[in-house]
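Let me put the model up and then we'll walk through it together.

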Amino acid sequence: KIMNKYKILITILIILATATVLSAYSVSDYFNGNRVNSLDARTAAMGDASTGKSDTFFSTTNNPANLSNLEGRFGFQLLSGFLRNAQQRSLPMYDSFDGFIGDAEYVQNENIFSEFGFGAYYNLPTNKMNLTFAAQYKPYINFDGKYEEEVRNNSNSDFNSYPPIIATNLIDSDGSVDAISFLSSIKYKKYSLGFEIAKITGEQDYTNKIVWSDYATNAATLEGAVLAPYNLSFSRDFDGYYYQIGFQAELNRHTSFGINFKPEFDIDYEIADIDTNFTQPASLRLGLFHSPRSYIRSAINIDIEYVQWNSVNDIYDDQINYYIGVEHKI
């Protein structure tokens, strides 16, 4: 009976962790892309809260001072993730007497996007302090997105048949911006200081077009009209740098506090032989870690993040994000 209870508990935790990480990308964010937040499974399961303290390698994305919490002289980590994005839309069809016939489906998309990363670290203990160095390759912004939509009218819907397709709207975005990061941290007694500098590079291919059907083309020809094609396509190459600095302090055996600051930076890109850029906002992140006295080893992480979007554009409001995670080790 005890084993069955553990199996049920583990199954529930797996379902909750899966629901946490399957956040959807937006295909409309083709210009700024979709930020990749939680990189490893454990950080994602903790709600991406890890600024106060964490001993997972890729939690250094939120605070490079977490390097000081890693054990062993040497270590490495490989990570991979995928996201399934499914969407279905339909409109009701009615006959000439306003009787419901059925739902006419005009959107049916199901796509899987993936990402990966890896890194390694090295601890160098000394008499009074510990030095840790690391290198990482990780996704930073994802531009993947696909969307297909059928455009129909209500012709012939009185005969329980689908209306003919007039056109198909297509959006296809592919690419990513990845970060090559170099990190270091120093720990003296109960205090840790971490630093990260990253080179970001990547590319994007984007296409947005309307494909007219033969039905629509023939109908327009009979009326003496011509349906003009629509095709918007571009490619971009990205380049830039960012850095961040983090600090942690152990208040006592069970509680620690962390802070991380990432200044505003620009991502340069070239499109149609024109050099331009878009800005990523500055952010300040505070974190609190607490491990209560209990028979089961538990951990609580709470993060509060302030993102200064208003400095990027006056039409944006500054943003405050909250992250909370609870872990029980059985």
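**Holes, cores and rings**

So, the largest cavity has a volume of about 50 Å³. This is a predicted model, so keep in mind that local features need pLDDT of at least 70 and side-chain atom pairs count only at pLDDT 80 or more, while totals for chains, interfaces and linings use all residues. Residues are numbered from 1 along each chain as its sequence is written, and side-chain values use heavy atoms, with hydrogens and water left out.

What do I call a cavity? On a 1 Å grid over the protein atoms alone, it's a set of points where a 1.4 Å probe fits but cannot get out; a pocket is an open set with protein on both sides within 12 Å along at least five of seven lines, and lining residues have an atom within 4 Å of a point. Grid points are joined across faces, edges and corners, and a volume is the space filled by probe spheres set on the points.

By that rule there are two cavities of 30 Å³ or more. Which residues line the largest cavity? Among them are Gly52, Lys53, Asn69, Tyr191, Gln248 and Glu250. E7 and E8 each supply at least two residues of that lining, and E8 has the largest share, three residues. When I say E or H, those are DSSP runs numbered from the N terminus: helices (H or I) of at least four residues, strands (E) of at least two.

Now the second largest pocket, with about 610 Å³ of space. It has 29 lining residues, and Lys53, Asp55, Phe289, Arg297 and Lys329 are the ones nearest its centre. Two or more lining residues come from each of H2, strand E9 (255–262), strand E13 (297–307) and strand E14 (319–329).

On to the packing. A nonpolar core here is a set of buried Ala, Val, Leu, Ile, Met, Phe, Trp, Tyr and Cys residues joined through side-chain atoms within 4.5 Å. Buried is under 20% relative accessible area, exposed is over 50%, and partly exposed is in between, with a 1.4 Å probe and protein chains only.

The largest core has 13 residues, and Ile200, Phe238, Tyr242 and Ile267 touch the most other members. Strands E4 (129–142), E6 (165–188), E7 (191–212), E8 (230–250) and E10 (265–271) each give two or more residues to this core. E10 gives the most, three residues. Take Ile200: beyond four places in sequence, its contacts (heavy atoms within 4.5 Å) include Val177, Phe238, Tyr242, Phe265 and Ile267. Apart from that core there's another one, of 10 residues, including Phe57, Phe58, Leu67 and Leu70.

Okay, rings. Phe, Tyr and Trp rings (the six-membered one for Trp) pair if their centres lie within 6.5 Å; planes under 30 degrees apart are stacked, over 60 edge-to-face, and the rest tilted. How many aromatic pairs does that give? The count is 19. One of them is Phe57 with Tyr121, a tilted pair at 5.4 Å centre to centre and 55° between the planes. Phe57 is in the loop between helix H2 (41–45) and strand E2 (74–94), and Tyr121 is in strand E3 (residues 100–125), so the pair ties together parts 64 residues apart in sequence. Phe57 is buried at 4% relative accessibility, and Tyr121 is buried too, at 10%.

Then there's Tyr191 with Phe247: centres 6.4 Å apart, planes at 15°, so that pair is stacked. Tyr191 belongs to strand E7 and Phe247 to strand E8, 56 residues apart.

Phe238 you've met already, in the largest core.

Last bit: charges over rings, where NZ of Lys or CZ of Arg is within 6 Å of the ring centre and within 35 degrees of the ring normal. Lys262 has its charged end over the ring of Tyr242, 4.5 Å from the centre. Arg285 does this over Tyr323, at 4.1 Å from the ring centre.

Asp48 isn't a glycine, but its phi is positive, near 65°, and Asp48 is buried at 6%. Lys189 also has a positive phi, about 55°; Lys189 sits in the loop between E6 and E7 and is exposed at 62%.
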